[in-house]
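These are my notes from a first pass through the structure below.

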There are 2 protein chains.
Amino acid sequence: MKLVLILAGWLFALTVQASSIMQGEDGYRLWLKYDPIDNADVQQAYRQHAANWFVAGNSATTQVIKDELDFALKGLLGEASATDAESAGLIVAAGDNATVYRQKLKIETADLGDEGYLIQQVRWQNKPRLVVLANTDVGALYGTFHLLRLMQTQQNLENVALRSAPKTQLRVLNHWDNLDRHVERGYAGQSIWDWHKLPDYRYQRYFDYARANASVGINGTVLNNVNADPLILTSQYLDKVKALADIFRPYGIKVYLSVKFSSPQLIGGLKSSDPLDKKVQAWWKNKADEIYQAIPDFGGFLVKANSEGQPGPGDFGRTHAQGANMLAQALAPHGGVVMWRAFVYANEKNEERSKQAYSEFKPLDGKFDDNVLVQVKNGPIDFQPREPVNALFGATPQTPLMMEFQITMEYLGFSTHFVYLGPMYEEVLKTDTFAKGKGSTVASVIDGELYDYPITGMAGVANIGTDRNWTGHIMLQSNWYVFGRMAWNPSISSATVADEWVRMTLSNDNEVVTKVKDMMMASHEATVNYMTPLGLHHIMGAGHHYGPAPWVDSLGRADWNSVYYHQANSKGIGFDRSPSGVNAVEQYFSPLKEEYANPATTPEKYLLWFHHLPWEYNVASSGRTLWSEIVHRYYQGANTVKEMANTWDSLEGKIDPWQFHQVQMAMTIQQKEAIWWRNACVLYFQQFAELPIPEGLEKPEQSLEYYQSLSFPHAPGQG
Amino acid sequence: MKLVLILAGWLFALTVQASSIMQGEDGYRLWLKYDPIDNADVQQAYRQHAANWFVAGNSATTQVIKDELDFALKGLLGEASATDAESAGLIVAAGDNATVYRQKLKIETADLGDEGYLIQQVRWQNKPRLVVLANTDVGALYGTFHLLRLMQTQQNLENVALRSAPKTQLRVLNHWDNLDRHVERGYAGQSIWDWHKLPDYRYQRYFDYARANASVGINGTVLNNVNADPLILTSQYLDKVKALADIFRPYGIKVYLSVKFSSPQLIGGLKSSDPLDKKVQAWWKNKADEIYQAIPDFGGFLVKANSEGQPGPGDFGRTHAQGANMLAQALAPHGGVVMWRAFVYANEKNEERSKQAYSEFKPLDGKFDDNVLVQVKNGPIDFQPREPVNALFGATPQTPLMMEFQITMEYLGFSTHFVYLGPMYEEVLKTDTFAKGKGSTVASVIDGELYDYPITGMAGVANIGTDRNWTGHIMLQSNWYVFGRMAWNPSISSATVADEWVRMTLSNDNEVVTKVKDMMMASHEATVNYMTPLGLHHIMGAGHHYGPAPWVDSLGRADWNSVYYHQANSKGIGFDRSPSGVNAVEQYFSPLKEEYANPATTPEKYLLWFHHLPWEYNVASSGRTLWSEIVHRYYQGANTVKEMANTWDSLEGKIDPWQFHQVQMAMTIQQKEAIWWRNACVLYFQQFAELPIPEGLEKPEQSLEYYQSLSFPHAPGQG
């Protein structure tokens, strides 16, 4: 085994602590800081509206609203207190408690549904009031958080009149958390679920997790890894699940579980898990009954089946639909749903990996029960820094597709790279599938508009752990945030969300907002450049996916290896998924399929995803050869990180010192790793191109052999 | 697999949060809270002494002292600031910076050594001053923390004149932390060392860990598990170790590493790790040179060899001394030490486990190099709730023995049982070995007094993890604290330490102090009673050691099984280690060996450790039969926990709500588990005794089969 000093000899200034005792914003409070509003005029204006507030009702959820308002308004305004409806400047009411306001003020709320709300300036009993009205207490809770966001971002509340309702129904975090608290692809400490101490020990963090989710509209959480441990369904664990469900309920958050398809055999003592076996069906039915006995609002199951070694209906000669429907029928009487993952790729199938989800699920369209959603990763491979969208989006008029985004950054630098994923999510959601002609965006598939899906949803694989700042990096809190905001409204712009997140989390100072927002908006493109420019993909370290390893060529299956994906040779580089190759483009609707079939019309960002091109290929946007363009992109990516670091340094003194320091340390790591990526990839591909690194670009300090010798057996998050 | 609802049907009131947002003392600050002194007179008096302070010198350590004083005094006194020597009420000075004070005030400091200090009221330039003087800056740091402790506990500082120097040299935490952040026998989250983000990312927690250790005099830390990963010695990891060493150095804390004896083969490419092999010797010498190049004050190595599957010199036909000396010779030129563990028990040896450490190491006395210490667990088996002391203490006049206490509670209820270990440590340290006649206490062995050892030390297996409150349970912070205080002074009373810890951590209110101190002092005995009364031992769940499992009888080796240790049968119960049995008593000095050989003179707390006795045996202290006494002890233990819980409840409103709530939740678990222990053990032993549970004691709610069916595959901390 050869292990050498990683990145030795590179000189970066060590970040230094001014004092051995650092105090300040450690990140735990997320975007719910509620520090005093630093603009006296604004604060004074808000006091008029909200220093005296009234929340109607006495449910567990209205208690949560009261607690939040008490805490938040005392923080933001300095002073605030609950009062009665007559004296209150702010009134929050829902359902029957809101009837009197709806009627007398002639406000219609039917269109707000079960989760929507309105915030409005009205006159009530001869006094101006701010009202938050909804049809349900949970709607009122969402409205309350929206109002607090307006205050945190110092928006003008005069004449405010807004209405909001979520465009998707299931807005769900997926925790890939094991029962021993290891988080698969987790880079922020352990699982926040302390299964051993549950059900009796209830951390404050459980409550704050629920608050944070509710504040961005997330209404569901899958507690455990899709590579599921069957023990989660034992009564021993269900007792613990119930404790969490009880905590989350007032926040409008339902609990879901990932289940192992072979549970009837593994914990049920049955000889089979065949979905057509009556005993198996009965076992699941009884299990569902047992769960709902304890958790009446249990959300349902998430299933990874017949994928990467997980058991599934295929083991018994049954289809995904037969497997999903069996579970769906157990849950249906109680109102539960099945989220069945489309991330399947089988060794047996002689078909290129990017095509398998489509070819497996497209033929099953119309075969799923009403309470089944098929959950599809945004791209056809696996959460790469950038992928074209999965061709399944738009291809299943009769099967609700649920988006699966990854919030944790398995392939994007873990928790030390500053990457705001908003622009990436937005790029995906705005992609036009042309399924029903122009305008058939992925967003319109997901939110049910295109095909009028009966259920809709969006899932995000959580980046949350026990790290004090939740996500291991303060800036990456923005990805949890933007996921929630985009699940609520898939059409919202990532720039808008970045703006409000910065104001809530870092500062309302316009210089800070502008600079940080610019960094955020540039960060994803920068990372794509220093990792996988021009459509390259899956060239990370084997297993842990940490760092560059385009040389990986000896893993068990062809499509686990980097060389399979980049196909570099002396002639050129890229994966030919055009009609001359594996013809993955055929799965897309016209005109996408024609566009992607031709290098000249393929967007450059997907160029090497769809085409194997010669090193001399002329890249249109720059006029450079392909080799030169690849190299320039790698250097450009690393340079952007350096610029980001400089920008960040310029903010010292303008944001909280502890926030500043944390991000600065991470940026030191990111700078090193961006250069590591750049050097390793350029040197590796150079072997095939046999061309020099273009003039004016600094030469890598280390040899290719050096980069290839690096080994990281304890990199975090491994499966 | 059969898994049933654990402890179902038991009714305990669920602890309820008053609000969804809880604020207060979350435990992170440990005993270094520095909240304003709540007694105005005391605060005013302290202001006279310390509101203006001066620290002489400009070393990294004096900077730490300045930071701590600035932070602490502003907190305690409301206002305080640094000034010059002329105006200061408090002067801290060491070494050359202290010369002027020593000379003019005629104060002798030679006896304080390298780490001691004095705190004294003096007149200086016609003004009363409080001075903290030492020979080194680290001594001054210890003195500073002592002074702050006096203030936190509201001691009278008028005419204060105290001197203190540590009685042991190496006061070391052992972290059983793996490089993937799993902590073996850790119950407070992950390892606080984030190896992946080191060396660049330096958490504030690293600094606060160092502050906490320095505040109790701990001066060394072994960063990694004794079941060592050889990668820790690669340059990749040494770079990370160096980062931690750099952080800890100003706090007087040296870094040590656990090393795997076969490292030359595993990472060095050698064919052997034979300590007599020149190449092996050279490899270790070079490795030591490499380490000291980066870390000039590196402490040395901790080694677990030829024990529980770890490699060692025995694999090459060499003795422990030959193995230890080889490492010692690599470290000696740099001033490093080897801490060689005596916790060895070999399958091959046909000797009872409790006797092996002694029989292995006693013959090696005099064979170890000068910079080797043999590190011995307090008892002869393995950190049981209670053990007699290891017979090795006192038996090696020429070999320094280092105490190994366990602070983490592997066998004592993990991090949900409220057990203050001070009385247990004190019991061990005060035990008279009679090695050189009466008064040859274990403390006098350890601190070097008895045999004038050239090096002395005490190690504690840390209970520290990433949990916000560090130890998973606020009360268990006291065990970290008392370990440090007893390592500094093995003769200090555990009650004294409890008093100061409560005042610093919870409250100076006398009612709180008295009640909590009483709970602390009773807690260990209570736990012994509900787990392993009268000398019973090692009847915990297999592997994880969670909960009762006296029925374990099928593990790979005899002495891993519960039935081996309790030897219950129809005639009686207990392990015969008297001359009629395995004769472990022969290893002790007279009169202990005679005392322990006879049930009538064996202390009842060790009765079943040394003797197999009939169920009808008359227990002298109570006059009960052995069966009846065992049962009564189990019930008494569980009852004491209930009383503790009631006492705790009575403190609501008198301590911080968050502290109160955290402990209350844990006590709910402890109450359940104490009854679980009681019921499972009584029902199990009843099978053999065939006697009824004595009148007046409530019957167990569940059957023995129920308790035997419980399974905990994901219990934390497994090796």
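How many aromatic pairs are there over all chains? I count 84 by the rule used. The model is a predicted one, and I read every value below as computed from it.

Entry on one pair. I picked out B:Tyr596 and B:Tyr606, which form an edge-to-face pair. Their ring centres lie 6.0 Å apart, with 85° between the planes. B:Tyr596 sits in helix α17 (residues 592–597) of chain B and B:Tyr606 in the loop between α17 and α18 (607–610), so the pair ties together parts ten residues apart in sequence. I found both B:Tyr596 and B:Tyr606 to be buried.

Entry on the interface. I looked up how much area chain B and chain A bury between them, and the value is about 5400 Å². Carbon and sulfur atoms account for 55% of it. Chain B brings 66 residues to the contact and chain A brings 65.

Entry on polar links. I found 19 residue pairs in polar contact between chain B and chain A. The rule also finds two salt bridges across this interface. In one of the two, B:Asp200 is joined to A:Lys672, with the closest N and O atoms 2.8 Å apart.

Entry on the chain B side. Elements giving two or more residues to the side that touches chain A are α2 (60–77), α5 (204–215), α6 (235–248) and α20 (657–689) of chain B. α20(B) gives the most, with seven residues. I sorted the residues on this side of chain B into 31 nonpolar, 21 polar and 14 charged.

Notes. Residues are numbered from 1 along each chain as its sequence is written. Chains are lettered from A and ligands numbered from 1 in the order in which they are written. This is a predicted model: local features need pLDDT of at least 70, side-chain atom pairs count only at pLDDT 80 or more; totals for chains, interfaces and linings use all residues. Side-chain values use heavy atoms; hydrogens and water are left out. Contact means heavy atoms within 4.5 Å. Buried area is the accessible area (1.4 Å probe) that two parts lose on being put together, summed over both. A salt bridge is a side-chain nitrogen of Lys or Arg within 4 Å of a carboxyl oxygen of Asp or Glu. A polar contact is a pair of N or O atoms within 3.5 Å; within protein, one must be able to donate a hydrogen and the other to accept it, and residues adjacent in sequence count only if both atoms are side-chain atoms. Helices (H or I, at least four residues) and strands (E, at least two) are DSSP runs, numbered from the N terminus. Ala, Val, Leu, Ile, Met, Phe, Trp, Tyr, Cys and Pro count as nonpolar, Asp, Glu, Lys and Arg as charged, and the others, Gly among them, as polar. Rings of Phe, Tyr and Trp (its six-membered ring) pair if their centres lie within 6.5 Å; planes under 30 degrees apart count as stacked, over 60 as edge-to-face and the rest as tilted. Buried means under 20% relative accessible area, exposed over 50%, partly exposed in between (1.4 Å probe, protein chains only).
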